[in-house]
There are 2 protein chains.
Amino acid sequence: MASQPTHFIAGDWGTSSLRLFLCQSDGAILGRVETGDGILSVAEGAFEATLIEKTAAWSARDDLADQQLPVVLSGMIGSRQGWREVAYATCPAGLDDIAAKCAKVPIEDASADLGEIRIVPGLTVRGPDGTPDVMRGEETQIFGALLSSPDLTEQSTFLLPGTHAKWAYVSDGRITSFKTYMTGEVFAALTGHTILGRPAVDAEPVSDDEAKAAFLKGVDGGAAEGGSGALLNRLFAARTRFLFGDLAPGAIGDYLSGLLVGAEIADATGARQATNARPIAIIANATLSQRYALALAHLGHESRRIDPDCVVAAHAQILRR
Amino acid sequence: MASQPTHFIAGDWGTSSLRLFLCQSDGAILGRVETGDGILSVAEGAFEATLIEKTAAWSARDDLADQQLPVVLSGMIGSRQGWREVAYATCPAGLDDIAAKCAKVPIEDASADLGEIRIVPGLTVRGPDGTPDVMRGEETQIFGALLSSPDLTEQSTFLLPGTHAKWAYVSDGRITSFKTYMTGEVFAALTGHTILGRPAVDAEPVSDDEAKAAFLKGVDGGAAEGGSGALLNRLFAARTRFLFGDLAPGAIGDYLSGLLVGAEIADATGARQATNARPIAIIANATLSQRYALALAHLGHESRRIDPDCVVAAHAQILRR
């Protein structure tokens, strides 16, 4: 008979990637697997088989052979396209609210050495005009960050940049509201599928300094005053500045990235008092975090980076509750 | 020996299409050819051959057999990727300025029954922050519209919607400034290459009323107050409204179109006093014009449509000067 588990498996299972961690009950990370098996790459229904395959080496460890390792998964795995659709929790929400709404999914393969699967719900909020917003996975990262950096609990602003960047506002340990900006996905669509990106194909690479200057010029352009339609006009500047020799083809991507990031930051910080004097907490890998930190500093905002591995601390707590 | 031409050929040669007209000297249109031979589809250097081929039937007409028909071309044909790069004229500019800066290109094929080719320059202007903007072809359409609708000469606002929508401001017959909005191209990139368009693929079509309601809901969202980064956030509403059942998959495209068009109109009209009480003159085909007229009316602006064939009146004048 299996003994009480001393370890568990934590997972951040998103649209395009899967990150799995072997952890001790206290959240210490003993091993990790990162793959491109995002939920859109997993053939229909094969989530269980994928999970068993990716964790087989851990289940087979001598010191864990007598345990059925419980699993906690967060991210798009809880969406309609994922393993099991888990109803969103509603803002304001704390870690307890999230833990209480987890879906429990049994493992059907009797030969697997895995315990019960918990899938974390996402979060939803309504904007002032009633427009819904959603996140799946970022809420767990934020709660993990609060556990590893308790000074952020009382009042803080989180930024999770990426395909769909999230700005989230925390008060007394609960996420009170958040906003999504499609910055990363819009950047990819514009550079890959409009006239703007064309000169950058096969362009001579520019120096780091030139890339940085183009990025910050873009940040200034994006953050300048103007209505929401101004962006549709400003994007065209990436074309005309190139036509007039103001922008090297190899720096167009940096300029465009700056335009979008600057616009995002100006909107997210302008509308909120919550950014007050405290540094904005960026949960991201080092490269993306540096890019945003540069733009934030340029616009007068302090920031600090938190490693995305913080998510595991929240998974450990969810399992304990 | 060829007699003095009584007819000429006018052409609007853009990035993705070619429109040619056989005209009398006074601008009356006798024939037209519209094809997909935009400058990007014409194999390198074959502009002359394409022109000769598409106009061969006119050159061969019995009543025109003794003439070498002169040709006036406007549009992207005068760009770096076109037949001959023609330096931009600078705002403010009237039809005389454009006519004076036309490039004259001889026909090299001696067997062709075409006279000299005039290629119209585009226009450039600098925004308040020094950012350049450019147009090629739209300036000729606007001058043509002024010839056919002289009441617009003193003071008017023109809108030429499309891939790169142009808003141009006319005072005393001259284009004083203009702004480009990448509305059409951004719409295509977002619907074709982001998560937003995915649910619309194979979606049940919606009724005209439902499409119109979704479009106008989008217009309201796009025109709402907010900085340029607000658009990156509002786009995501096309996703969440769908997820929450507020938006039928078949109406997502209309909603997105409304968001972008509303944002464009709010920015273009908000920044200008020139829209004053006069209707905005839309130069576009009937379908696109109706779409914009609907959005403009919804936001409290009158508009009137001008047929793009008006361009030929400007070509006739350029030839005469």
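Helix α3 of chain B (residues 138-148) has nine of its eleven residues buried, so it is largely enclosed by the rest of the structure. Buried here means under 20% relative accessible area, exposed means over 50%, and partly exposed lies in between (1.4 Å probe, protein chains only). Helices (H or I, at least four residues) and strands (E, at least two) are DSSP runs, numbered from the N terminus. The buried residues of α3(B) are Glu138(B), Glu139(B), Thr140(B), Gln141(B), Ile142(B), Phe143(B), Gly144(B), Ala145(B) and Leu146(B).

The model is predicted: local features need pLDDT of at least 70, side-chain atom pairs count only at pLDDT 80 or more, and totals for chains, interfaces and linings use all residues. Residues are numbered from 1 along each chain as its sequence is written, chains are lettered from A and ligands numbered from 1 in the order in which they are written, and side-chain values use heavy atoms, with hydrogens and water left out.

Two copies of a chain are related by a rotation about an axis and a shift along it. The same surface serves both copies, as 100% of the contact residues of chain B recur in chain A.

The contact (heavy atoms within 4.5 Å) takes 49 residues from chain A and 49 residues from chain B. Together the chains bury about 4100 Å², 64% of it on carbon and sulfur atoms. Buried area is the accessible area (1.4 Å probe) that two parts lose on being put together, summed over both. Ser228(B), Leu232(B) and Phe236(B) supply 18% of the area that chain B buries against chain A, more than any other three residues.

Between the chains, 19 residue pairs are in polar contact (both at pLDDT 80 or more). A polar contact is a pair of N or O atoms within 3.5 Å; within protein, one must be able to donate a hydrogen and the other to accept it, and residues adjacent in sequence count only if both atoms are side-chain atoms. On the side of chain B that touches chain A, α4(B) gives the largest share, six residues. By class, this side has 21 nonpolar, 15 polar and 13 charged residues. Ala, Val, Leu, Ile, Met, Phe, Trp, Tyr, Cys and Pro count as nonpolar, Asp, Glu, Lys and Arg as charged, and the others, Gly among them, as polar.

Between chain B and chain A there are zero salt bridges. Over all chains the count is 28. A salt bridge is a side-chain nitrogen of Lys or Arg within 4 Å of a carboxyl oxygen of Asp or Glu. In chain A, Asp63(A) pairs with Arg61(A) in a salt bridge (3.0 Å, N to O). Asp63(A) is partly exposed at 44% relative accessible area, and Arg61(A) is partly exposed at 28%. In chain B, Asp63(B) and Arg61(B) form a salt bridge, with the closest N and O atoms 3.0 Å apart. Salt bridges that share partners join Asp12(A), Arg19(A), Arg32(A), Glu34(A) and Asp309(A) into one network.
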